[in-house]
Amino acid sequence: VTVGRVVDLHKRIIGGVPCGPTDRPYHVKLRPYEGTVKSLCGGTLMDNQWILTAAHCVEPGSTTRVTAFLGLNGNGETNPVDIDMNSIERHKDNHDMALIKLTKPVTVIKPVPLPDCSKPLKKGDTVQIAGHGPTEQTLKGSKLVYGTVSPTLQCAETYVIQQCPAASCTSKYAYHFDPKQMLCFQRALVDITGGDSGGGVMVNDVIYGVQVLSAEKACKSPSFAMDVCKYKKWIEGVTGLIFP
């Protein structure tokens with residue numbers, strides 16, 4: 001993946017509102033660097049030492065360093081942690097999932113619970129998405145133009161659709177997108193856009209997905225997330241965590 005494509009994949013929230021001061025304490029703001037160029041992603045603290053995010057946020061070769069901001073609660077960049085690049089585990093089959101192991105355990109932030117995968121989400125279920133990116137996007141000619149990055153974490157609700165369609169334009173990205181291993185969600189005037197990739201798709205503060213592809217990038221189809229339950233064995237194998 002080229003640097004341009006990696007930046008192009010990063011997503012941001014459209015149609016949200018500022019999260020409450022105690023909402024999503026487990027949300028992690030990630031600042032990947034490609035040389036001196038700083039980009040933006042999200043992640044989720046799923047254990048006191050593990051962050052779950054999208055693999056394209058920590059692209060091998062182009063990503064030279066990553067800084068994580070923990071416990072923001074929408075109140076600004078605090079508690080920066082420099083990530084050891086050797087501590088990043090990307091999915092071996094080129095799926096858009098990555099785990100980051102922190103050097104020191106986090107003791108003041110409660111991690112997000114893992115889902116009960118025997119009770120999968122169904123069509124029409126409400127899910128929560130979030131991110132720090134621009135809250136507006138406009139189309140100028142054939143080019144999508146984003147507004148400025150949001151200084152606070154933005155939250156929104158959207159709805160699960162029954163099955164992810166095969167999005168024809170996902171083939172231009174280097175990652176493997178299998179609709180059967182993804183969650184899709186859709187709501188009028190609500191979407192993820194550049195900067196929200198890696199953030200968690202939640203149901204009542206339980207993580208079910210990892211945001212990766214906005215509706216605009218998926219040929220105006222629903223937005224895409226990696227389905228956490230479909231990667232249960234991989235997550236357990238890397239982290240030692242046990243799902244319910």
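The lining of the second largest pocket comprises 7 nonpolar, 3 polar and 1 charged residues; here Ala, Val, Leu, Ile, Met, Phe, Trp, Tyr, Cys and Pro count as nonpolar, Asp, Glu, Lys and Arg as charged, and the others, Gly among them, as polar. The model is predicted, and totals for chains, interfaces and linings use all residues, whereas local features need pLDDT of at least 70 and side-chain atom pairs pLDDT 80 or more. Residues are numbered from 1 along each chain as its sequence is written, and side-chain values use heavy atoms, without hydrogens and water.

To view this pocket, select Leu70, Asn79, Val81, Leu102, Thr103, Lys104, Pro105, Val106, Thr107, Val108 and Ile109, which line it. A pocket is an open set of points on a 1 Å grid over the protein atoms alone, where a 1.4 Å probe fits, with protein on both sides within 12 Å along at least five of seven lines; lining residues have an atom within 4 Å of a point. The second largest pocket holds about 160 Å³ of space.

Next, select Leu121, Met182, Leu183, Asp227 and Lys230, which lie nearest the centre of the largest pocket among its 19 lining residues. Its volume is about 300 Å³. Then colour strand β15 (residues 182-186), which gives the largest share of this lining, 3 residues. The lining of the largest pocket contains 12 nonpolar, 2 polar and 5 charged residues.

Notes. Grid points are joined across faces, edges and corners, and a volume is the space filled by probe spheres set on the points. Helices (H or I, at least four residues) and strands (E, at least two) are DSSP runs, numbered from the N terminus.
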